[in-house]
Amino acid sequence: MERVQAEAKRKTPEELVMIYKGIPYPSCICSEETFCALESLEAREDDLLIVTYPKCGTNWVIRILHEMLFFIGGKEPSIDQAMIEFGKPEKVQALKEASSPRVFSTHLHYKDIPKSFLEKKVKTLLILRNPKDTAVSYFHFSNNNPILPSYDSWDLFFNDYINGKVCYGSFFDHNSAWGEHIDDENIMAMTFEDMKLDYATHLKRISEFFGLSLSEEQLKEIENKTTFKSMKENSEGTHGKLGNTFFRKGEIGDWKSLFSEAQSKEVDAKFEQYLAGTKLGEKLNYKKYCEY
Ligand SMILES: Nc1ncnc2c1ncn2[C@@H]1O[C@H](COP(=O)(O)OS(=O)(=O)O)[C@@H](OP(=O)(O)O)[C@H]1O
């Protein structure tokens, strides 16, 4: 990872981004070759898939599933914790050979998920977060992670975010396309906010969804190990020098520290256009978390 970051520091902001099938990605860790190789990744019925738009709680849920599988099988899944789309094309071979159960995570839009995952109806946990906190988290992450273009101001970032020009494209496109599948039998959607406010209940729902039978004591232990505080304390070990960047505040409502009223209204308008009246929109509980 340090080599990748050193390489990133030599690139111009434009060079840090590559476009694949119309969507921008961080060029230091994504490539067309890897995307092509992923198309031949065969899913297995016992795979576990986590889907998120960036900054919605991916690392939190990956850790949860690793801890759960540790209790079930006595060892953690062999796959590294990066998104399936990150890395060199050879890495896809390692994913193919990894022993079951495999925990995969991705920020890909629905249309770009390897087809086999859809055909095999792999159990998929979709983690959602309100678009305003997601934006603020993404802004800080972009300015602290050399592989992403950095921004001289929040306003400049906001402009790219609202126009879908950040890596992984538009939050609203991503959410509305996944939202069409929210009732698929193999998909369970859960919000960052619900997890924060009623963690024990949602931890149990995750274990039940994936058919992982855990005792109350085991769930309690997982809960304690995966609090924000605990994950932040261990973040240097799990995420190296970027640990503090991955585990920044872990709060609901931090968007109020940066959004202007006009920016808030712009996001409200996008929500109305893309998600209001949909099941996913309802799940986001937009009024509660995003009212200015
Ligand atoms: N355990 C726990 N509890 C509460 N919040 C947590 C937890 N773990 C991660 N986080 C917060 O999730 C945000 C990072 O999201 P991702 O892991 O999806 O980031 S990434 O897309 O993979 O870079 C980022 O949000 P912000 O703090 O708002 O920036 C993290 O702090």
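Reader: In strand 5, which residue is the bridge partner of Val51?

Author: In this predicted model, strand 3 and strand 5 (residues 123-128) run parallel and are joined by five bridges. Within this pairing, the partner of Val51 in strand 5 is Leu126.

Reader: Which residue of strand 4 is the bridge partner of Ile50?

Author: Strand 3 is also joined to strand 4 (residues 103-106), by four bridges, and these two strands run parallel. The bridge partner of Ile50 in strand 4 is Ser105.

Reader: Which residues of strand 3 point the other way from Leu48, Ile50 and Thr52?

Author: The side chains of strand 3 are divided between two directions, and all of these residues are buried. Leu48, Ile50 and Thr52 point one way, and the residues that point the other way are Leu49 and Val51.

Reader: Why is strand 3 described as largely enclosed by the rest of the structure?

Author: A residue counts as buried if 20 or more other C-beta atoms lie within 10 Å of its own. Strand 3 (residues 48-52) is largely enclosed because the number of its five residues that are buried is five.

Reader: What is the radius of gyration of the protein chain?

Author: The C-alpha atoms fill a box of roughly 50 × 40 × 40 Å along the principal axes. For 292 residues, a compact globule would have a radius of gyration near 19 Å.

Reader: What percentage of the residues of the protein chain count as buried?

Author: The secondary structure of the chain comprises 17 helices and six strands. Of its 292 residues, the buried share is 35%.

How values were computed. Residues numbered from 1 in each chain as written. Predicted model: local features only at pLDDT ≥ 70, side-chain atom pairs only at ≥ 80, totals over all residues. Buried ≥ 20, exposed ≤ 12 C-beta atoms within 10 Å, placed from the backbone. Pairing = 2+ DSSP bridges. Rg over C-alpha atoms; globule rule 2.2 N^0.38 Å.
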